[in-house]
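Here's a quick look at a few local features, loops to begin with and then a helix. Have the model open while you read.

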Amino acid sequence: MATDTTLLNEPDRNLALELVRATEAAAIRAVPFIGKGDKLAADGAAVDAMRAFLRTVHFDGVVVIGEGEKDRAPMLFNGEHVGDGSGPHTDVAVDPIDGTSMTAQGRQNALSMIAVSDRGTMLDASSVFYMDKLVTDHHGIGVCSLEQSVGDNIRELARAKGKDVGEIIVAVLDRPRHEGLIDEIRSAGAGTRMLLDGDVAGGINAARYETRIDMCAGIGGSPEAVVTACAIKALGGFIEARLAPKDEAEAEKGRAAGLDLERVYDAGGLVASDNTMFVATGVTDGGLVEGVRRKGPIIRTESVVLRSKSGTLRRIQSEHLASRWF
């Protein structure tokens, strides 16, 4: 039987391994602000560090999903060009700190992250800020759907995974809007993992092998749905999302931008590329990665690098001389 040796004989450049330097820098620069109550200062330091390191990366990136606009924070703005202008042309989604409030409060699960795909492939859903999302691992493909009730999705996923419904854990953002959803999950017999923030990490953990989270569900940011899709493509998982305008004015704004408010977007609808990358470094400890740690003269960071082209998730632990940073 013939064997496809393309990946063995023709390794190509992994841009994500260069981008991780930018998320590491943003996470390290945020450290002095952890637990200090000033989320804008933390975000500003992370933005400056990420922008500086992105300038050194060999690619021509355009920020399609910038951060900070919602909170009037410092930002890498939409339309900004990043990279040194050489190499591949890409769409870029950035969030120097996903969880600025958690960083300011000293809470867990704050990340610095970047997602990349081929130029012109990321959905621009900026006119409608929220989406209803559903994420699982590969068992959810052809089994789960936003067109079904959450109870049916839980039961179908449990059957596909060979688990009792009572063993299923669903990650949900801890928001008043999810009270009904939480009741439905628990009425179906499943348990919940309440997230203070950061449904990107919740979605990734739902799609990863051998994590305690089986599903991530509920309404969160539209930009985060696109970023999550970049990671899900590398994990072979399942994601669906549907726009959830907060009022008729926002709904009309979405229609004017050419968005289909009734459409259920799958991974390909959110990111129309099979060449996606996702990079994240922990700022504070969380279920996906550990936060930045100072150990004597060393600063230790932990990052994940996901790449759809090769279907890989890499964990990178780095040690940095503290004297070069502070």
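Glutamate 210 sits in the loop between α7 (199–207) and β8 (215–221). This is a predicted model, and in it the phi of glutamate 210 comes out positive, near 60 degrees, even though the residue isn't a glycine. Its relative accessible area is 68%, so glutamate 210 counts as exposed.

Asparagine 109 is another non-glycine with a positive phi, about 75 degrees. You'll find asparagine 109 in the loop between α4 (100–105) and β4 (111–118). With a relative accessible area of 27%, asparagine 109 is partly exposed.

| Residue | Relative accessible area | Class |
|---|---|---|
| Glutamate 210 | 68% | exposed |
| Asparagine 109 | 27% | partly exposed |
| Alanine 52 | 33% | partly exposed |

Alanine 52 belongs to helix α3 (residues 39–54).

Now for helix α9 (residues 248–256). Which of its residues are buried? They are Glu250, Ala251 and Gly254. Looking down the axis of α9, these buried residues fall within an arc of 105 degrees, so they line one face of the helix. The other side of α9 has Glu248, Ala249, Lys253 and Ala256 exposed.

At its start, a side-chain oxygen of aspartate 247 comes to within 3.3 Å of the backbone nitrogen of alanine 249. Just after α9, glycine 258 has a positive phi of about 90 degrees.

Terms used
Residues are numbered from 1 along each chain as its sequence is written. This is a predicted model: local features need pLDDT of at least 70, side-chain atom pairs count only at pLDDT 80 or more; totals for chains, interfaces and linings use all residues. Side-chain values use heavy atoms; hydrogens and water are left out. Helices (H or I, at least four residues) and strands (E, at least two) are DSSP runs, numbered from the N terminus. Buried means under 20% relative accessible area, exposed over 50%, partly exposed in between (1.4 Å probe, protein chains only). The arc is that of the directions from the helix axis to the C-beta atoms. A polar contact is a pair of N or O atoms within 3.5 Å; within protein, one must be able to donate a hydrogen and the other to accept it, and residues adjacent in sequence count only if both atoms are side-chain atoms.
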